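This briefing covers a multi-chain model. Please have the sequence and the structure open while reading.

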Amino acid sequence: MNWLQRHIRPEQVRELSLLLLIIVAVLVFGSLIPRYYTSLTFNRIASSVVIITVVAAGQTLVVLTRSIDLSVGSIVGCTAYFAGTQLAAHHGMPPAVAVLIAVALGAFMGSLNGVLVAWGRVPPIIVTLGTLAIYRGILIDYSGAKTVTTDSLPAWLVDLPTVDVATVGGLEIRVVVAAALLVVIVFQLATSFLTVSRRLYAIGSNPEAAALIGLPTQRILFTAFVLSGALSGLAGFLFLARFGNITVEAGRGLELQSVAAVVVGGVNIFGGSGTIFGSMLGAVMIGTLEQSLFRLQISEFWRDAILGLLILLAVASDAVILNRLRLLWARTDLKLIAKSAPLPAREGEVTAP
Amino acid sequence: MTGERRLKPLLMRVWEAEGVSLTEGGAEPRAQAAVPPILEIHDIAKRFGATQALEAVSLTLYPGEVHALLGENGAGKSTLIKIMTGVYQPDRGEIRLAGQPIVIGSAAEAQRHGIAAIYQEPLLFPDLNVAENIFISHQGRGAVTNWRQMFREAEEILAALGVALDVRSPARGLTLAAQQSVEIAKAISLNVRVLIMDEPTASLSAHEVTQLFKLVKDLRDKGVAILFVSHRMEEVFEIADKVTVFRDGRLISTRPRGEVTPRRAIADMVGREIGLLQPRAPVKQGDLILSVRGLAREGVFHDVSFDVRRGEVLGFAGLIGAGRTDVGLALFGIEPATSGTIVLDGKTRNIRSPREAMACGIAYLSEDRRQLGLSLPMSIAANISLPVLRRYLDRFGLVRTASERATAEGFRSRLAIRTPSVDVSVAKLSGGNQQKVMLSKWLNTHPRLLILDEPTRGIDVGAKSEVHAMIGELAAEGIGIIMISSELPEVLAMSDRVLVMREGRQMAIFDRAEASGERVMTAAMGQALTGEAA
Amino acid sequence: MTAALARLRSWEGLLLAILIVTVALNLANSPYYLGVENIVNLFQLEIEKIIVALTMTLIIINGEIDLSVASVMGLSACVMAWLFKMGVALPLALLAALGSGVLAGLFNGFWTAYVGLPSLAVTLAGLIGFRGVARILVEDRAIGNYPAWFNELGQQAFLGPLTLSIMIFLALFAVVAVVLHGSALGRLVYVMGNSLEAARYSGVRTKRVKMILFVASGVVAALAGLLYAARLGSVRGDMAQGFELDIITIVLLGGVSIFGGSGNLVGVGLSIFVILNLRNGMGLANITGNTQTSVVGALLILSVLVPNMAQLIHNRWRGRET
Amino acid sequence: MKKLLLTTAALAMLALLPQGAFAGDIMPGKDVKMVLLPKFLGILPFDQAHQGALEAEKELKNGSALQFLGPTPENSVAGQIEIVTNAATQGVGAIMISNNSGDQIVPSAKTAHDKGIKVVTWDSPIPSGEAEDLFVAQVDFAETGKVMADMALKILGDNGGKFAILSASPDAANQNSWIKAFHDVLKSDPKYAKLQEVDLVYGNDQSEASYNQAVALVDKHPDMQLIMAPTSVGIVAAAKAMQDEKLCDKVKVSGLGVPSEMVAYTMNGCAPDFALWSFVDLGYLAYYTAYGLATGAFEAKEGVSFKAGRLGDYKIAKDPTRSKGLRIVMGPFSIYDKSNVQAAAK
């Protein structure tokens, strides 16, 4: 136990427990649904959670700083639409540029949120509740009710969702899935090893202290929102590739879905703790539930009720688990020893490099 | 004069307890003249709206010198500190570092200049692990965190501090003392030339204080200039080379330690004479109120047994984290005991919630008045009426603010709460007055048993003695009092009996007569003394 | 300067200013604005949202949030419709519908207060789940043809030009005002919003208070759902879908802190009037839905941004860091 | 260019032309405030209807400009009610509603109607027929069912097969009534006996939901051969899904869709046949009708006929698909396939 405690932090245990929940869910559905354990099921779930995973990654960065970004859905819509119209206009446009356009636009919209939150000192929920409406409104005006249609898009984009990077024992790893995974891995590594990104946790954990010890709180907040916007932009591009047809509806509701993924993924909604990997698991959890419920032989009308209940149970069960662990940790941790060791004699021994 | 006579033996006792003899330490002032000053503060002024926080303050810090800064809350100490650490900008005056005028625009800049501060309330990040907290404000540790290295260095520093913490575990749930140690580790991990300590001992127990002082002296000998702010006379006079006193934003006096007595300093601080810490006159004790047998909370404390009589003050001594507060919380039903019996006025009670505790006439003043004891944004009146709000409702369930305010006014005059009105939000009050409001709040529940957890933490000398006097009166009125305190002198002076705890276990109970500094300390440190062990 | 700033800093003052401007604009650009009919419509069109906003105010000041209100509105309407379709007497159906609101509240309250899950997560699940239950009941039907008296409840003027909904709103506003600013419960709502722990250490039955609030929120949402059904005379599974964000917007614009502990009903009242007039004015000016929501969104941001900036500039000017 | 299937409705119309009371022609140049209200903004078909209405406005030289007002998708119902209510307050001459609110629109429509405002519905009527002067039906709803059944039969062949329906939201009045008609037709004639419906799901007119639903259908019913989607959003999403799943040769998609959005899938065989009517014409006709009623050129009475510009003559009849209410039927359907879709998409 002690070794465990030294090397696994409660948050990680929470993720393990979530992983366990997912496995349980899969087992349960597997027993209910014929032909469940197939590469097909894997592909379905994998490609259905791609977009939400990317959005949730951005959402996580924001939530870690004790903020929230409700405008992601509208940003996805705008970027998907804009990138779509651009690609429709210039078929020759290289993929990289297209992605860049979407990401850049997303980053720009995110930066507006960031400025208002960091320097305008407007609570995040107010800012993004506002931009949620504003961005969507702009999209409706800008689109002039025109729809981006699949046939107007270059073939490479339309086919993108079906392209595999690798096939592992029948499990096709689609490009988009790989992309999402890449995003998760990159940001997971960044948030756990980059000194800068550790400060996301710091300001989320104790904003006052962060300010007092002179962390660049405002810049960090701003960055978080820009990244969230940029990732929403990327998600917008993926959205365009997957659905081809982009109406003004595109991406509506993603804000709450991403928050759901983040919450289920064990990220503390009040900031400071949680991981990108966790919220990916959250997204996968919900995706698995949705996709599997689609296939169950139950009425359309029962799905939402069940989904809501399952999400709640997911949150509840792992909250309970985590609290138990926290107690355990708290008790065995942090014993002050009575005898005091002498200070090292050598100069500068304890001063940092 | 009489005060002087009473004071002397007390301080003696304390110092012995802390393993300090009167001759040793910085008693003979070390030659300072040769060394050039490291930090010179010249004619600093700062005004907030109507209040002049600092006026024409000049202060000079020398390397290898501990400079104590005394003053009641609101005297301008923390404003000066905030200016030195770049949180505030002065309206006037200049700061010279090693002779060069500097502008400290931000906390980060202050660090770059080698100026670090340890605040009264630790500024930790509960979700980051201990090591990260230590190195959080380090520039140039590289863009990529090398965890292994960071953990190792953190462990070294803490080892040097004589504190064993799991550097990998999050700071959430650390005891105040542990947090304080991390703060100190944080400060010394930076190459400090000037270290500001704003009441670093406020939440430390006597033992940890001695430990801290070893460290401070070590830093001093390494040539660090230390500005040491504290309300604890005996500490100041143990550690300081120079003593500066502030009052109302002005510098009253700066003297070498040899040339000033505690009494003199206090006189400067409050502008009037105050006797400090005379042992409380014991009141004749009445019948039994509370008797606790084998009380335990699984994994936190075990087998605690004691009695409290009417008019008795039972002191709880011990190191921070010894489980004293947890006993209090168990009695008050915040974290109910898992075994043992609580007998109140002859009836066995099973207390599961604060409400039940209150119903039994128990009141508990938290050690953390800002987070747990008071609702800061609310008015004084609202805070005082909160626990017994029902008493102030008319038949429609609406709050009768008039009678609420009347009650508040009563306590305001009785406890001399300094405030323009009882409608002021508690946040605006000084620590001492906040403490009084919290006391009023609980007296208003007419308790039979009053549990005081660190009743004088972080409040200035004037308020302190008032609180002590108050405790005396309450005991005299026949209330049974449990006083948890990490200030040994306080415990010794106030208590009729002293219960000592260590690592969740009850080590001993001393009667007033036999309770001496070193006996209590030894018990708190380990080996239970034969005889009085409960 | 400072006096003006002080007035600007007070949120209510700012809202009042905005309100006056809005009304002035409306008077200027539409001859129909002042008509009794329009004034009544101005309320009627958003009445259910502003009713729910009142209890949402309590919840948010208490430091929690209830995202499930819109789904509860839909749920209660659907319960009523379903029972009515099954031949249950309408009055009974209405009671049952209110009951469903109580249950929803108990559900949210239980998981939030007693299990200790974040209300955001719980009510998010409620948002999905309660809507789901509503769906199960009505499926793809649109259930109408209620007795005339029911529709009249939602549509006819009762007292002068006032409809039942408006009177309920006014009454509830008064009740909430008294509860929040005069009663013990209101006091506890603020205390808990400031610091839940401090409340606990003062012997406040925090769980009970939370439970009461969520149940109140549930019941009022259910009532609003029924009024909505009466106003539209027909019930569908998608009733009130997406209202939650509008409702929260009203409360936040009212100056209630999302972190709890501060805000008052005067502000919320003003923000209600601002939004109603804004929407109505733009409607009369034939400004379409998306522009309307954009404007409200922008207003929400500006109403916080402007005072902050003024404050900031003022501080720079005073040469004081905040 | 369009290959017009002569449909029963069309025939009926032609038959009716000679006899019946014929109202005076619609007089251009009158000044009538008119509001065109789509289900919500930002969707292509409604924009096309707007174009048509503007064309009619130009022809009729209406003094006051047409107001094209719509709610946002997320609060379509509340938005439509608000717009109708405000229109009533402003006392416009006529309001043309593509009703997305079922009977929930009735109270507000009634206020308007009681003030003498002409309430014309188009594309989607008020189910109860309350407070509505006239419904301009794009096609006969019964016929929609027939067309869908025929397309299904054409795709699945005479020995039939399994199909599923992907609809909009459970609350979409149009889709519900079309599906009902579809079911009726399937029962009515033995030649459809072999067409077996295996599922009915909803995509809430959102690309992502519809797409996921289509994919899920394939998993749920491996032997399904056709997805019938009577919604312009759903049909495109379903087609894209089948294309991505490389299932186009196994599972076909059909239903109601906009040519410009469907052309790719029709050409590559994912959606060999689908149908729709011209929304431009629908808007055009709705405008003529509303204008005519508002200017008193004719009344909304059974048997009354009038001439609607380039679309020719129409006769007001009882709406057989509703218990109450009058309608004119624009018709006819255009069935699209490889041969004509590209031209239509232009």
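Residues are numbered from 1 along each chain as its sequence is written, and chains are lettered from A and ligands numbered from 1 in the order in which they are written. The model scores ipTM 0.82 and pTM 0.85.

**Confidence in chain D**

- The mean pLDDT of chain D is 88, and 93% of its residues score at least 70; pLDDT is the predictor's confidence in each residue, from 0 to 100.
- Within chain D, strand β3 (residues 94-97) has the highest confidence, at a mean of 96, and helix α1 (residues 8-16) the lowest, at 46.
- Helices (H or I, at least four residues) and strands (E, at least two) are DSSP runs, numbered from the N terminus.
- Where pLDDT is low, the predicted coordinates should not be read in detail.

**Chains and interfaces**

- There are 5 pairs of chains in contact, and chains A and B share the most contacts.
- Chains B and D have no contact, and their closest C-alpha atoms are 37 Å apart.
- The contact between chains C and B involves 17 residues from chain C and 23 residues from chain B.
- On the side of chain C that touches chain B, α10 (184-194) and α11 (196-201) of chain C are the elements that give two or more residues, and α10(C) gives the most, with 5 residues.
- That side of chain C consists of 5 nonpolar, 7 polar and 5 charged residues; Ala, Val, Leu, Ile, Met, Phe, Trp, Tyr, Cys and Pro count as nonpolar, Asp, Glu, Lys and Arg as charged, and the others, Gly among them, as polar.

**Chain A and its helix α9**

- Chain A has 14 helices and 2 strands.
- Of the 353 residues in chain A, 57% are buried; a residue is buried if 20 or more other C-beta atoms lie within 10 Å of its own, exposed if 12 or fewer, and partly exposed in between, with C-beta atoms placed from the backbone.
- Among contacts in chain A between residues at least 6 apart in sequence, 79% link residues at least 24 apart.
- Helix α9 (residues 195-205) of chain A is largely enclosed by the rest of the structure, because 8 of its 11 residues are buried.
- The buried residues of α9(A) include Arg199(A), Leu200(A) and Tyr201(A), and the buried set packs against α3 (39-64), α8 (175-193), α10 (207-212) and α11 (217-243) of chain A.

- Chain D divides into domain 1 (22-138 + 279-331) and domain 2 (141-276); the bounds come from an automatic or database domain assignment.
- The C-alpha centres of these two domains of chain D are 29 Å apart.
- In chain D, 8 residues of domain 1 are in contact with 8 residues of domain 2, and the domain 1 side comprises 4 nonpolar, 4 polar and no charged residues.
- An open sheet of 7 strands in chain D runs in the order β2-β1-β3-β4-β5-β14-β13, with mixed pairing; two strands pair if DSSP finds at least two bridges between them.
- Its edge strands, each pairing on one side only, are β2 (67-68) and β13 (317-318) of chain D.
- Strand β1 (residues 34-37) of chain D pairs with β3(D) in the parallel sense over 4 bridges, and Leu36(D) is opposite Met96(D).
- The buried residues of α6(D), including Trp178(D) and Phe182(D), pack against α5 (141-156), β6 (161-167) and β7 (195-202) of chain D.
- Glu197(D) lies in strand β7 of chain D and is partly exposed because it has 17 C-beta neighbours inside 10 Å.
- Glu197(D) touches Phe163(D), Ala164(D) and Ile165(D), leaving aside residues up to four places away in sequence.

**Strand β13 of chain B**

- All 6 of the 6 residues of strand β13 (residues 313-318) of chain B are buried, so the strand is largely enclosed by the rest of the structure.
- β13(B) pairs in the parallel sense with strand β18 (residues 480-484) of chain B over 4 bridges, and with strand β19 (residues 497-502) of chain B over 5 bridges.
- Leu314(B) has Ile482(B) as its bridge partner in β18(B), and Gly318(B) is opposite Met501(B) in β19(B).

Notes: Predicted model: local features only at pLDDT ≥ 70, side-chain atom pairs only at ≥ 80, totals over all residues. Contact = placed C-beta atoms within 7 Å.
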